[in-house]
Amino acid sequence: MRFLLDNGLTVLGEHTSYAELLGQVFALAVVFLAKIRTLWTWPVQVAATVLLFSVYVSAHLGGLAARQVIILLISIYGWWAWTRRRDPVYGVTVRS
């Protein structure tokens, strides 16, 4: 993880670590994966959350890091609920 945090790209004079870049790309991918209703939404969300958590902790941004913990808990619950048979609100059968 240290490699991803210490190395990265410089664009227009701003340095972005690989961890932040991958975390943001994964977070964007989650939107598209959720749109097509695939089970891959959840592991990609968990990966994005872990990457962004590490970025925020290394930058001493406690509030944003805490938010990632909450998002991680929601993602784990979503993944667990997705593996169940039916959505209790809409009654839609979730399938990959």
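## Helix packing and a strand residue in a predicted model

In helix H2, Ala19, Glu20, Leu22, Gly23, Gln24, Phe26, Ala27, Ala29, Val30, Leu33 and Ala34 meet Thr41, Val44, Gln45, Ala47, Ala48, Leu51, Leu52, Ser54, Val55 and Tyr56 of helix H3 (contact means heavy atoms within 4.5 Å). The residues of this H2 and H3 contact divide into 15 nonpolar, five polar and one charged; here Ala, Val, Leu, Ile, Met, Phe, Trp, Tyr, Cys and Pro count as nonpolar, Asp, Glu, Lys and Arg as charged, and the others, Gly among them, as polar.

A word on the ground rules: this is a predicted model, in which local features need pLDDT of at least 70 and side-chain atom pairs count only at pLDDT 80 or more, while totals for chains, interfaces and linings use all residues. Residues are numbered from 1 along each chain as its sequence is written, and side-chain values use heavy atoms, with hydrogens and water left out.

The table sets out the two helix pairs. Helices (H or I, at least four residues) and strands (E, at least two) are DSSP runs numbered from the N terminus. Axes are lines fitted to C-alpha atoms, for helices over the stretch in contact, with angles from 0 to 180 degrees between N-to-C directions.

| Helix pair | Axes come within | Crossing angle |
|---|---|---|
| H2 (residues 18–35) and H3 (residues 41–58) | 8 Å | roughly 155 degrees |
| H3 and H4 (residues 62–82) | 9 Å | roughly 170 degrees |

The angle between H2 and H3 makes them roughly antiparallel, a label for angles over 145 degrees. H3 and H4 are therefore roughly antiparallel to each other too. The H2 and H3 crossing is left-handed, that is, the near helix is turned anticlockwise from the far one by less than a right angle. The crossing of H3 and H4 is also left-handed.

On the H3 side of its contact with H4 are residues including Trp42, Pro43, Phe53 and Tyr56, and H4 contributes, among others, Arg67, Trp79 and Trp82.

The UniProt annotation "transmembrane region", from an unreviewed entry, covers residues 15–33, 40–59 and 65–82; such annotations may be inferred rather than shown by experiment. Residues 15–33 are 84% helix and 16% strand, with end C-alpha atoms 28 Å apart. Residues 65–82 are 100% helix, and their end C-alpha atoms lie 25 Å apart.

Finally, Thr16 sits in strand E2 (residues 14–17). Thr16 is partly exposed, at 30% relative accessible area (partly exposed lies between buried, under 20%, and exposed, over 50%, with a 1.4 Å probe and protein chains only). Beyond its neighbours within four places in sequence, Thr16 is in contact with Gly8, Leu9 and Leu21.

Methods. Angles under 35 degrees count as roughly parallel, over 145 as roughly antiparallel, 65 to 115 as roughly perpendicular and the rest as oblique.
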